[in-house]
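Me: I would like a close look at how this chain is held together inside. Please take the cross-links and the packing around them in one go.

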Amino acid sequence: DSTLAGNEALVDGGGIYALGSPGVVTNIYNSTIAYNDADMDRDGAGSGGGVHLGAGSSGSGSFAIRNTLITGNTVGNTPIYDDCFVESGSVLYSYGRNLLGTSDGCVIANVSGAGWDYFSGNLGGLADNGGPTQTVALLAGDNAIDGADPTFGCVDDQDSTITSDQRGFPGKGSSHCGIGAYDVDPEPIVSQGFDGLPR
């Protein structure tokens, strides 16, 4: 239930840089990784605007995502999209259902659930969409809306169903909840008076 957006790295991993080491496990649940940039000084030494998984000097660790959206990340402070880069010996493990803008340079292994796919649509900018922290909104037509795994839905690290998004807004409890940290608001309930006008 976290948003990582607007971060920059001089070299690798604008959003997340994970150095592979035996026994080190990183799990990302119900999160949005967008609008981050690697190699911001444009010297050609950097990759993985969203996520960069390093092989490490002593072997690879484990990096897994579940119900997570990784899109709109760049490299070289340009509109060249670079959502994920995996060094030799490392793997990005996918559980449930995840969406990426591009998979160039990324090694992804589907472990369980509906598998990963490409994000289609447009995102809002990092903004105050309600709640205590800023988020990146899903917009109409995005395949992340109600796009989570239809069997597992949205769960936490204990496999318990979560019922709200990062903002604390309800909607995550359904089996077709949204992918990422932001979930589209459920239909508002409109009450009507005796004259038939909304109240």
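Among contacts in the protein chain between residues at least 6 apart in sequence, what percentage joins residues at least 24 apart?

Reply: The figure is 63%, for contacts between residues at least 6 apart in sequence. Contact means heavy atoms within 4.5 Å.

First, the ground rules. This is a predicted model, in which local features need pLDDT of at least 70 and side-chain atom pairs count only at pLDDT 80 or more, while totals for chains, interfaces and linings use all residues. Residues are numbered from 1 along each chain as its sequence is written, and side-chain values use heavy atoms, with hydrogens and water left out.

pLDDT is the predictor's confidence in each residue, from 0 to 100. The chain averages 87, and 85% of the residues score at least 70. Over residues 188–199 the pLDDT is below 50. That stretch has eight contacts in the model beyond near neighbours in sequence. Where pLDDT is low, the predicted coordinates should not be read in detail.

Now the fold. The protein chain has zero helices and 14 strands. Of the 199 residues, 45% are buried. Buried means under 20% relative accessible area, exposed over 50%, and partly exposed in between, with a 1.4 Å probe and protein chains only.

Next, the cross-links. The count comes to two disulfides. The criterion is a pair of cysteine sulfur atoms within 2.5 Å. With bonded cysteines counted along the chain, the pattern is 1-2, 3-4.

Take cysteine 84 and cysteine 106. Their sulfur atoms lie 2.0 Å apart. The link is right-handed, with 50° about the S-S bond. It ties distant parts of the chain, 22 residues apart: cysteine 84 sits in strand β10 (residues 84–86), and cysteine 106 in the loop between β11 (92–100) and β12 (108–118). Both cysteine 84 and cysteine 106 are buried.

Then cysteine 154 and cysteine 177. Here the sulfur atoms are 1.8 Å apart. The torsion about the S-S bond is about 105°, so this disulfide is right-handed. Cysteine 154 and cysteine 177 are both in the segment after β14, 23 residues apart. Cysteine 154 and cysteine 177 are buried as well.

On to the packing. In soluble globular proteins, nonpolar side chains tend to be buried together. A nonpolar core here is a set of buried Ala, Val, Leu, Ile, Met, Phe, Trp, Tyr and Cys residues joined through side-chain atoms within 4.5 Å. The largest such core has 16 residues. Leu69, Leu99, Phe119, Leu123, Leu138, Ala144 and Ile179 touch the most other members. Strand β14 (residues 135–138) supplies the largest share, three residues. A second, separate core has 15 residues, including Ile33, Ile65, Val86 and Leu100.

Leaving aside neighbours within four places in sequence, phenylalanine 119 contacts Leu69, Thr71, Leu99, Leu100, Gly101, Asp142, Asn143 and Ala144.

Serine 90 lies in the loop between β10 and β11. Its relative accessible area is 7%, so serine 90 is buried. The side chain of serine 90 reaches the backbone oxygen of glycine 54 at 3.2 Å.

Key: Helix = DSSP H or I, 4+ residues; strand = E, 2+ residues; numbered from the N terminus. Polar contact = N/O pair within 3.5 Å; in protein donor to acceptor, adjacent residues only side chain to side chain.
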